[in-house]
Each structure stands twice: as structure tokens, then as C-alpha cells.
Amino acid sequence: MHNQVRTAVISSTRNPVYAKQKLSPLRSRGCLFLCLLLASFFVSCPRSSRADSLDDAARALARKLCSGPPQQSVRIHWQDSPELPGLYTDSFKKSFVSQLSACGIATSKNTNFPRLMVSIRSTASKILLVANLVDSAGRVEIRMAEIRRDTLSIPNEPSQVPRLQKDLLWQQERPVESATEWQDPSTGEKFLFLLSQGFFVRLRSQNELWTEVGSTELPKMDRRSRFKGGTFVFDDPEAKLQLLFNLRLCDFEPAGPLRFTCVDTNFGGKAVRISSVCGEPPRFIGTDNGDYTQKDRIILGGKEVAGVESPDEDNASHSLEMPGPVLDVANTPDPKAVMAVVRNLSTGNYEVYRIALACTN
Amino acid sequence: MPWPAQTKLAFLATLGLAMLQPARASKSPHYGGTLRVEMRAASVSLDPREWKAGAVESATDEKMGALVYDRLVGLDNYGRFQPQLATEWSHDVALKRWQFALRTNVKFSDGVALNSADVVAALQPLLPDGQQISASGSIVVFQSSVAMPDLLEELASGRFFVYRVQPDGTLMGTGPFFVAEAASTSRLPSNSSTAAPDSILAAASAGVNKSTHLRFRASEETWSGRPFLDAIDVTLGVPALRQLFDLQLGKADLVELSPELVRRAMQDNQRVWSSAPVTFYGLRFDEAQSAAADPKLREAMSLSLDRQTMANVLLQKQAEPASALLPQWLSGYAFLFTMETNIERAKELRATLPANMAAGTEPLRLRVEASGDLAKLLGERVAVNARQAAILVQVVNRAVQRTTITSSDPATGIHLFSWHYSSLSPRVELETMVSTLKFGNSNEAIVSSTDPELLYARERKLLEERRVLPLVALPGYVGLSQKVRDWMPARWGEWHLADVWLDLPEPATAQPGNANGTEIPAPPPAAASPGAKP
């Protein structure tokens, strides 16, 4: 009989999905112990170029340099990735330098020391770290370590826009078509609703963290669609949050059981407005023109429908740079906030932002 | 002022999505329409077993194949493997055994359900020696005596499509489209229907090969959801300039732009998209002519080549000078290689060689094996560069090449070849290139590891031997009409036409209150831009 052994398991996200597989049998505990011993040996082996994070990869690269010709000091030059700029974090540099120093290689700015160029480059599926060491005799040593691209997470840039403000609430790999936020007036609980690949997903805020508390499949349509086209709409006079998708307008209980009551409709979209706390009339919200390959902007429009125009390049106070194309903008019951769904061009994740209009001088 | 209380949904709907993106006539994606595609290739094979590794023609085959077939997995532009026909996968610690769980309820375009035996039958002929595939229930298992760390990259690219061979030899796919017509009359109008009933195939390897016009129809039952387009009309064998004219005149929606026409198209404010470099041009020395066996002559040739001029002048900056065999986007280390141009040093080396070598009555013969005018121009440029180093190169174009080379034909010392990158595994691509073009040392063991240091060392050795010299690498260029929306290709050239929709004029009898029926004047785009948001 085969033993069930734990194996390296990956899914589309390269994360473990399940860990029990019937694979090659291990016939005894002694065998298992031997394998674990060997595995721990190989894990600690400095030749390994596999890493689970960029910091791990930095350490792996440094260990490779340590195993090369002895060096006392090097002058490091960091070369960023032209495709994925901003990967050199303090943590990355610290990991690399501390690993070097652990094996006796100091870093210096003295131009007399050998020059060590550390480059980060991306391929279709991987991030490659390349160390190019040129010693005083002109000898070149190349060392590399790699990490899978899908293990990276890129930190978001802080907002520097004074009026429109964005707040990242949620991000996930699966597509998000629309999102909105809702607060239960009776309990004060905050919910985040997502439309994702034909599913309605409900998340609840617990200790400032969103936790999924339920999901249900959207009502079946006559034919499957590649683009669900769903969006949240907020019918202000009745203070009712509704769901619009595939020419159907659906009511649901935001905090109750996940059921939908839908009627056919010809409504095809919505205009989104936002209020500030300054007592001004609501203003329309738009997005920049562009395409799926470009970063987008949320643009603060005027009081009239036609008032959403691309602002001048230097008038940044009326626009908010987003990390990718804006896929949807939806109202929330809170007139001072709208929800934007963005596909982050650096990570490929779908991100949900709360956009608010701050009252500043 | 308080939030106005009388904002009615009907009013909002009437305003429509135009409010969200006012600078563009944007609408929600919608179904319908026929995408008109023009391609240079004179024929297409939809049988992955026939596709030749590295052949530029295979690039067209792959693009058409992606319409009718699916792979087990895909790779997105963010380096993430995405489930296609396989929904999850796992491997053992040694990476020698992988298993893929198949998606359930997948049907071929004739309605027959996909099973694991179909996958095994399709992929086994495509797998390299040593890799075995077997079926177990809804699981397919790949096994090898050596580790397969890059199996996902392999399966997510190239010819690793899943198909089913019919008793009559035709192939059936599970993809978003199927072949509805395969006509041999070129320049058919898109609404013509001249195909005989027996040509309505899923994909017939023989029938499609000879066709000059293909019509793909959307598959209603595909697991990935019905494509937005109703159909795709592909006209084959259209010359490059004619394609550009057809795009300008609105007779085509998607054309392949040749590099020399890219600048012209952009000046005309056409939408132009370019991929990462996907086609490589290089020189391969052939010791059939004894001069080519001399390392000094090869070094002198290498030093004489002016790749910058080839890329910037000959190709009008629409190509990159190549200094490596694999492109940067595939290997990650190509930037470490440099190719020096040094005419003086080339002359010095030439001077050390016998005077009659590559000179006078015994020139170094360069055979242009790659098709197209571009290859001929590159061949001529190589000859000009070599002449500056006192090396006489005689160019023999493919056009005058006879089918059978007889013993009386003078031996060829250099071949100018092209190579289309098709694998997303740098190891597979490099080894396929070496074995197909035979410029490596046959005694050398191929690299089975994906360790980038080993791959780098292998490629560096090949380049240092100078049996192969890189010239330039070209991206793929596409011209798009303004009505093509959601153009979201992979940067290595896959088109993803199942996600594309057409921004067609709305019918005049739109229902009142339907925001999708609101006619929005389309302002001209500010600049040529690929893709477009909904």
C-alpha cells in the first residue's frame, strides 16, 4: 500500500493548495527520516538558486558570491529592473549585504575595491538576480539567483494628491468586476461586496481587516459571458443598494441571507458622483482615457454631467493616479466615497479602492 | 449643499457610462461582429504535430491554433500560471512527476466531452524524448527520469495544444472558435459563403493548409465563455503594403505590420502594437566550406558586423541589435552579452589568414535561408560589412535556391537564418535552437537544468565559439482599427482574440432608456494606442 506523503504542491498561484498526494511510496520511517535529512541538507546548500521571496533570493545570491573567489571588500552598484522598477527595497539590500558580511565580504564606496553590479531582471515567468563582479585584475564572475514572478508583491505607492484620496481596501488575484462598501445602520458593521467572476462575495471588517464571510453564485444567465459586466448601483431615493448585471437589476439584503430578486431592465450604466465635507454640491467622477496597458487616473469632475474633463498635467489636485486601468467606479451609500476597481499593472492583482474627497485648503 | 435626493436611477442610466470615461466613446463590451484579419503567410497548418520548431511560419500557425485549441495551462503577463484545461497541478519533490487535474465539463466544438485520454493522445506526440504522459481518471500524469522544473513553461507555450484527431484525420479543439469555412479563393468578401459543406471542419490539417481564407466562428459551448466576436475572417497571403492600405481604408481590422511599414503606419495615426522581440536573425557557419571552419575568420566576420546600423537604419529602429541567442525577456541574462564591432581588429585578423581564403575566386558563400525581403537585405548588409574587413562574401538568395542541392553546387560557408521563439522555457528554447540548427557541439550534453547560471554558461560558450552570430531581433507588429477593443495580448506575441470585441455602430432603433443604445460621438484618439478600455 502506498503511503500518503506530503509533497510540494502548487496551484495556478503557485501557492500550496492541497498537500496529500499518492506518489512514490516511502517504505519506512527510516526512509522518511533520511529524506528529511537530505532535504534539510539541500535546503541549506549554498548552491541553491531557488528562493521563496526577493529577500531570500538576495541572500541566495550573496551566498553564491561567498562561495566564489575570496574577496575582502566590494563596491556595490544596484541596477534596477527596467521592466519592474522599484524592486530594490531596503529589506532586499539589507538581506544581501548582511549575507555578504556574514561570510567576510565588506561593502565600501571606495573605488579601488572590485565593483559588484547587482541587477534585477524579469523574464516571462521569473525574476532573475544577477551579480556581476569585476575584480582588480579584470576577471569577471557572474552569479545568478531566481525567484518566480508570481511570488512578488509590490507595495503600493503612497498617495500624494491633496484632494482626492484613495485607500486600498482589498486586492486579489481573481478578477473583480465591481465593488462597494456598506455599513449596517443597525449594528454599525462594515461590509465590502465584490462581484467576481459570476460570484457575489461578502466581506466583513473585523479589527480593520476584511474577512470573507460568504459568497454565492449570481443568478444564472441564458448564456455564459466572458465579461459579467456587473456593477453595484445605489438608488439614492430609496437608499437601496442594488446589483446591475446583464440587463437585470437585482435587490438583495446586504446583511441578510444572500438571495437575489431580479427584474429585467434596460438600464445600462450609471453616473458616479461624490460629495465632500465642505458643503459643496456633489461632483461627478470620471476616469482618464487610455487603455488596458496604461495607468489610469480618477478625475474629479464638475457639478454638471459634462464637467468631467481631463485636467491639465500640472493640475494634479483634481486627479488621482491609479496603479493600472480603472475597471469600474461605483457609488456607495456614503455620498462622500466611491469605490474604484483597478487592475494593478505591476502585480496583475485586482484592487478595490475607496475614493474620498477631502476638504482641504 | 446636501446630496440631491431626486437623483433617479433612470436618469443615471440615461447618462450611461459615458460619464465615466468622457474622453473616449467607450461602451461596455458587447457581442457581435466579425473581425477581419489579414496575414502575410500564404498557408496555415492547424495541426500542431506539423509545426516546425523555430519556423517563422509556425508563428502564424500558433496564432490560428490558439483560436481553436486550448492548452492545459497559460501564463499571464504578470508571470502567473493560469488554469486552462487543467484546474490544478502538483509535482513531487524531485520534479520528475507532475499531475494535472482536468477541468470538468469541457467539450470539443462538436459537443463531445474532453477526457484525459484525449489529452494524452494529443500531447504525447509533442513531448520531447524521455517525457511520458499517462491518464488516470480525470488526472493526467507527466513523468520523466530527469527533473522537469520548467514543465509549466513548456505546456503554457508553443505547440502544446490539446486536440482530438477525428477518424478522417481532421482535428477538433475545445477553444473559443472553430473553423467554419476554409476556402481556397482569395480575397473573399466577409459575407460570402462559398465553402462546401465538407469544408466545415473543426480544423482540417490538409484542407486548411491550402486555404487562403479562413472563417472562424464563435463556439457557444466553450468552457471559457463565448467570445464576444461572432466570427473572425482571416485572409492569408496578403502582401505587407496591401495590409496597411486595407487597414487605412477600413477593409481590415487587424493586420500584421512589417517592420519597415511601422513608422509609416504611426505617422498615419494608425494604432500600432508591438510585442517583445520574437524573431531572431543570425548567421550560422557551415564547415562544408572549409574557410568557415577557421576560428579567426569567424572572429573577423563577427567583428565586422555593424548590428546597430542593421537595426537602426535598415530596419528603421524597429528591431534590436542582438548580442545573444535568447532575448532578454526570455532568459533574463541577455544584457550580459555584448557584440563588439571593430573593423580595424577584423582587418588585422583577416591579414593573418591566407590571402585566397574568402577572396577572389573562392568567396565565402552566404545562403539566405530566411524568407522575405528583410532577410535578403540583411544578407547584403553582412556582405558589405565583411568587405570592409577584406572578406569577400557572396550572397545566395533563397529565391534562386533549387529544391535539390547537387554535388556540383558550391558549398555554403554561412547560412542566414531566422528563428521564431515559441517556448516560454529558456532551456527548451535554447536546446531546441541548438539541435535544430546544429550549431552546437554534438558531443556536449544538453542542459537539462533550468539553473540560469548553467544556461548562461551554455549560451556564452556557444557565442564564444562563434559558430553562430546574432544579428538582430524583431518584435511582432500589429496594426489595429479603432473599433478593436480590449486588445490585451501577451508581450511574447499571443493575441488573445477571444477577449476582443468590436466597437460597432449602434443600431438606429435603440430602445429609449437603454443606455447602451445611446449614440456617443467618437472623438479621434489622441494618439495611436493599443487596446482600449471598455
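Over which residues of chain B does the pLDDT stay under 50? The stretch is residues 185–207 of chain B, where pLDDT is the predictor's confidence in each residue, from 0 to 100. For this stretch the model has 54 contacts beyond four places in sequence, a contact being two residues whose C-beta atoms, placed from the backbone, lie within 7 Å. This is a predicted model, in which local features need pLDDT of at least 70, side-chain atom pairs count only at pLDDT 80 or more, and totals for chains, interfaces and linings use all residues. Residues are numbered from 1 along each chain as its sequence is written, while chains are lettered from A and ligands numbered from 1 in the order in which they are written.

**Confidence**
- Chain B has an average pLDDT of 82, and 80% of its residues score at least 70.
- For the complex, the predictor gives a pTM of 0.70 and an ipTM of 0.80.

**Chain B overall**
- Chain B holds 14 helices and 21 strands, which are DSSP runs (helices H or I, at least four residues; strands E, at least two) numbered from the N terminus.
- Of the 534 residues in chain B, 50% are buried (20 or more other C-beta atoms within 10 Å of the residue's own, C-beta atoms being placed from the backbone).

**Helix 7 of chain B**
- Pro259(B), Leu261(B), Val262(B) and Ala265(B) are buried in helix 7 (residues 259–267) of chain B.
- The buried residues of helix 7 of chain B pack against elements including helix 6 (240–248) and strand 14 (271–285) of chain B.
- Asn269(B), which follows helix 7 of chain B, has a positive phi, near 65°.

Technical notes: Buried ≥ 20, exposed ≤ 12 C-beta atoms within 10 Å, placed from the backbone.
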